[in-house]
Amino acid sequence: IWRDITEQKRSQESLRESEERYRRLVERMNTGMAVVNENFILTYANDKLCEMGGYAREELIGRPAIEFVSESSKTSFREQIARRRAGARDSVEATFIRADGRKLVVMQSAEPLFDSSGRFRGSFAVMTDITEQKQAREELEEHRDELELRVETSLKRLRRSERLASIGTLASGIAHEINNPLGMIQLVAETALRFTDDPERVEDMLGQIISDVTRCSHIVKSILRFAKEQPSEKWTTDLNDIIRRSLDLTREYATRHGVTAMEQLCEDLPPVLANPTELELVFVNLISNAVNACEPGGSVRLDTEQTGDRVRAVVRDDGCGMAEEHVERVFEPFYTTRLEQGGTGLGLSTCHGIVADHAGEIAIESKERQGTTVIIELPIADMREEGVPA
């Protein structure tokens with residue numbers, strides 16, 4: 001019996017040629033391709049995958065895929081197996097081991113394979129070698145971390161220079177602060193010598209001398225600690241007193257510029273927990289900035305008030321003010337609008353750091369030709385705090 005199978009042969013030949021074209025296409029692809037069965041045993045690997053791993057095809061086929069996974073990626077790979085059995089498709093970064101022992105980092109896109117009855121039959125994966133990109137990214141991150149460290153180190157040095165410059169500005173005022181108690185010590189000591197026959201009076205005078213010596217010691221220690229950027233000692237203190245001393249220290253500077261410095265302080269202001277020397281540096285800096293912003297005949301005013309559980313200090317001037325884009329950046333390190341006048345851009349950054357260290361907040365409101373207002377808020381001291389010198 002003769003049966004014409006010409007058409008069938010043509011179909012088979014066409015199918016074979018089609019399969020061959022797709023096989024050559026897969027083999028020539030520039031990405032690695034692999035197929036595993038339901039037990040995740042490798043059943044196919046294209047030439048690119050063999051080249052990426054440095055293996056001959058026969059070294060891969062028939063072996064569990066997990067054997068080629070790095071130890072650090074094995075847990076993740078097992079999780080991928082579970083997801084693939086459940087029908088999940090995903091793209092993940094995976095690390096395999098090359099034939100020479102080096103790591104091969106790939107971006108792997110996998111697709112589960114099911115038969116007509118819905119039974120899991122394996123998985124098909126496409127892998128792109130990203131080892132060099134990964135190494136480049138890690139090196140870039142290392143360089144970035146090193147650069148950030150260098151910048152931070154330089155910033156700390158500049159901030160310390162700014163602190164020292166601020167202390168230099170206060171030198172004459174500090175001398176005045178120390179000279180006052182030293183003068184009192186001398187006066188009281190000379191007076192005590194005339195009353196040696198009155199022990200009770202001499203005892204009172206000696207107590208006053210000790211108090212003034214302690215005050216001098218606090219001033220010197222605070223300045224040294226601040227210059228070295230050590231954690232500052234804080235105690236309950238009157239913010240009004242700090243502001244009055246700051247005004248005394250800057251009044252001559254304001255007078256030389258033809259600017260009037262005045263105060264309007266709340267008399268029953270609760271105390272704050274603070275380091276007086278550091279806050280004096282803040283207010284001296286703010287007052288100096290306000291004076292510099294004013295024309296001759298201008299004025300600077302300092303107010304205080306209580307707002308809930310906080311104390312507020314406000315420094316206002318009627319100077320030139322600032323544009324909005326400057327206000328948004330005034331606390332950034334190195335940002336200054338007075339570069340030509342020798343500004344470093346670290347004064348307000350330092351003030352911000354000190355206020356933050358006191359658990360407070362500092363804000364600036366300003367408009368061009370409408371003056372500037374600086375608002376500082378500090379928490380009221382807990383009078384139950386123990387171990388804090390009054």
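Visitor: Let's start with C320. Is it buried, exposed or partly exposed?
Guide: C320 counts as partly exposed, because its relative accessibility is 47% and exposed would take over 50%. Keep in mind that this is a predicted model.

Visitor: How many disulfides are there?
Guide: The count comes to zero disulfides. Take C320: the nearest cysteine sulfur belongs to C294 and is 8.0 Å away. A disulfide needs the two sulfurs within 2.5 Å, so C320 is in none.

Visitor: And what about C50, buried or exposed?
Guide: C50 is buried, because its relative accessible area is 8% and the cut-off for buried is under 20%.

Visitor: Okay, zoom out. What is the whole protein made of, in helices and strands?
Guide: You get 11 helices and 12 strands. The protein has 390 residues, and 40% of them are buried.

Visitor: What share of the contacts join residues at least 24 apart?
Guide: If you take contacts between residues at least 6 apart in sequence, 60% join residues at least 24 apart.

Visitor: New topic: holes. How many cavities of 30 Å³ or more does the structure hold?
Guide: Two. The largest cavity has about 350 Å³ of space in it.

Visitor: Which residues are closest to the centre of that largest cavity?
Guide: L42, A65, F96, Q108 and M127, out of 27 residues that line the cavity.

Visitor: And which elements give two or more residues to the lining?
Guide: On the strand side, you have β1 (32-37), β2 (42-45), β3 (90-97), β4 (103-114) and β5 (120-129).

Visitor: What links β4 to β5?
Guide: The two strands form a hairpin with five residues between them. G118 in that hairpin takes a positive phi near 85 degrees.

Visitor: I clicked on F40. Where is that?
Guide: F40 is in the loop between β1 and β2. F40 counts as buried, because its relative accessible area is 9% and the limit is under 20%.

Visitor: What does F40 touch?
Guide: Leaving out residues up to four places away in sequence, F40 touches R63, P64, A65, I81, R84, R85, F120 and S123. P64 is 24 residues from F40 along the chain, yet their C-alpha atoms are separated by 5.9 Å.

Visitor: Let's jump to the other end of the numbering. Why is β12 described as largely enclosed?
Guide: Strand β12 covers residues 372-379, and seven of its eight residues are buried, so the rest of the structure largely encloses the strand.

Visitor: Which strands pair with β12?
Guide: One is β10 (residues 310-317), antiparallel over eight bridges, with R312 standing opposite E377. Another is β11 (residues 361-366), antiparallel over six bridges. In that pairing, S366 has T372 as its bridge partner, and E365 has T373.

Visitor: Which side chains of β11 are buried?
Guide: The side chains alternate along β11.

Visitor: What sits between β11 and β12?
Guide: Those two strands form a hairpin with five residues between them. R369 lies in that loop and is exposed, because its relative accessible area is 72% and the exposed class begins over 50%.

Visitor: What's the phi of R369?
Guide: It's near 60 degrees, a positive value in a residue other than glycine. Most residues other than glycine have a negative phi.

Visitor: Where else does a positive phi turn up in a residue other than glycine?
Guide: A359 is one of them, with phi near 60 degrees. You'll find A359 in the loop between α11 (347-357) and β11.

How values were computed. Residues numbered from 1 in each chain as written. Predicted model: local features only at pLDDT ≥ 70, side-chain atom pairs only at ≥ 80, totals over all residues. Heavy atoms only, no water. Buried < 20%, exposed > 50% of the residue type's maximum accessible area, 1.4 Å probe, protein only. Helix = DSSP H or I, 4+ residues; strand = E, 2+ residues; numbered from the N terminus. Pairing = 2+ DSSP bridges. Contact = heavy atoms within 4.5 Å. 1 Å grid on protein atoms, 1.4 Å probe; cavity = no way out; pocket = protein on both sides within 12 Å on 5 of 7 lines; lining within 4 Å. Points joined across faces, edges and corners; volume = space filled by probe spheres on them.
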